[in-house]
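Colleague: Could you walk me through this one while I have it open?

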Amino acid sequence: MNSTQNKKISQVKETTMIVGVDVGSEKHFFRAFNWRGIELTRKPVPFSNSMEGFNSFYSTVVELMQKNNLEEAMVGIEPTGHYWFDLGQFMGGKNIRFVMVNPNHVHKSKELDDNSPSKNDRKDPRVIAGLVRDGRYFYSYMPTGVYAELRNASNRRFVLVEEQTRAKNRLQKWIAVYFPEYKGIYTRIDSKGGLLVLKHAATPDEIVSLGVDGIIGIWKSEKLRGNGRKKAMQIVNAAMNSIGLKSGLTEARMEIRDLIEDYELHTKRLERVNDLIKELCQQIRHVDKLLEIKGIGITTVAGFIAEVGDITRFNDTKELQKLAGLELVADSSGKHKGKSRISKRGRKRLRYLLFEAAISVVGKNDEFRQIHEYYTTRDKNPLKKMQSLIAVSCKLIRIFHVILTKGVSYDASKMLGDIRHPGTQPKAA
């Protein structure tokens, strides 16, 4: 990947036409310029977000290139939500080189020409094209094949987990209001035996009416083990002495049943997505070697690959570190020496997955625990616990990259050897 700005600038030649596209939900606008910034279009050219509009855009771009004796086109896009996906796919099919510009850069640089922060369809394409000409862009990546499937499945999983957690939290609120004694019976709010009872008897008064034999009958009909007469008596006694709210029970019964249905529905959907993710991961080379690392599970591996895509497109792990927003940013000027921090830019889900993975391996994996202790207790420049976990996250990036690109097996002793400094040995766990 040509990632340095000099290499990016060198992509714009005298024979290159630069096209800036302002992406909208239904209509897009573009303006074309030569390598010196002279406009080749008289005004912004609109085209619709449809196949007809895309073909019109392509025909106009080709016509402008022929008219001005130019050999290639570089299209710059400011990504606006998901509205650029279809246009990006179309340009990839037409072999049109397209790149992205940071929306934050567009916002900050749009005052350079007219000293005005105004935003309109005429101004934005010019600003976007100017950023591309100056090499202030990044290469877009649209995963295909199994990587596209895995990204969609992983994104779906994140959504389902959020919805499941939301339903679970609302369920906890309901129980705290109407049947607070439930939490003393089951340690988990979503215990299957308890939910079965609440589905049939949603309030304490209904549980009392159901009785011990009625509760046992429900469990037997569902062939549920581990819940006997003693547990049923405990539930009935708690319901008889409940301090829960006694008013508004008609709507409360409806709400609890709806919440349980929502929770169970999200759980079933999550199970199906997890099965699909496992199946997709089996199609990617060397994934089994990543799973050999103690503390790394299929969810972490699938999420990592879903966010990164085809890892062979990265020549350097620093590019992956930057993609995750884990690269260090210095804060110093003159005599001022501020603290370094991570940028927190890039793909936040990738950063979250790596940080959660770091916590997991430090807790379950002996060699990673040694690394964490070494980072936090070394004599020179000891790290705080959070800083150490960030360093472990970056270490995981390097390990994942080597395993997935070269197919080597995970070697704990080699990893520990890599972190040793002259005259310093990591402390044993």
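This is a predicted model: local features need pLDDT of at least 70, side-chain atom pairs count only at pLDDT 80 or more; totals for chains, interfaces and linings use all residues.

Colleague: Fine, which residues touch the most other members in the largest nonpolar core?

Modeller: Those are L150, F304, F368 and L396, in a core that has 51 residues. Helices α6 (145-178), α11, α12 (287-290), α13 (298-308), α15 (348-364), α16 (366-377), α17 (385-406) and α18 (412-419) each supply at least two residues of this core.

Colleague: And which helix gives the largest share?

Modeller: That is α17, from which 11 residues of the core come.

Colleague: Switching to the surface, which residues form the negative patch?

Modeller: The patch is formed by E251, D258, E261 and D262. Of these, E261 is found in helix α11, which covers residues 249-281, and E261 counts as partly exposed because its relative accessibility is 49%, between the 20% and 50% limits.

Colleague: Now the backbone: where does K223 lie, and what is its phi?

Modeller: K223 lies in the loop between α9 (204-221) and α10 (229-240), and its phi is positive, at about 55 degrees, although K223 is not a glycine. Its relative accessible area is 76%, so K223 is exposed.

Colleague: What about K344, is that residue buried or exposed?

Modeller: K344 is exposed, with a relative accessible area of 59%. This lysine lies in the loop between β10 (341-342) and α15, and the phi of K344 is positive too, near 60 degrees.

Key
Residues are numbered from 1 along each chain as its sequence is written. Side-chain values use heavy atoms; hydrogens and water are left out. Patches are made of residues with over 30% relative accessible area and no salt bridge: like charges are joined within 9 Å, nonpolar side chains (Val, Leu, Ile, Met, Phe, Trp, Tyr) within 5 Å. Accessible areas come from the Shrake-Rupley method with a 1.4 Å probe; for residues, only the protein chains shown count as cover. A salt bridge is a side-chain nitrogen of Lys or Arg within 4 Å of a carboxyl oxygen of Asp or Glu. Lys and Arg count as positive and Asp and Glu as negative; His and the chain ends are not counted. The place of a charge is taken as NZ of Lys, CZ of Arg, CG of Asp or CD of Glu. Helices (H or I, at least four residues) and strands (E, at least two) are DSSP runs, numbered from the N terminus. Buried means under 20% relative accessible area, exposed over 50%, partly exposed in between (1.4 Å probe, protein chains only). A nonpolar core is a set of buried Ala, Val, Leu, Ile, Met, Phe, Trp, Tyr and Cys residues joined through side-chain atoms within 4.5 Å.
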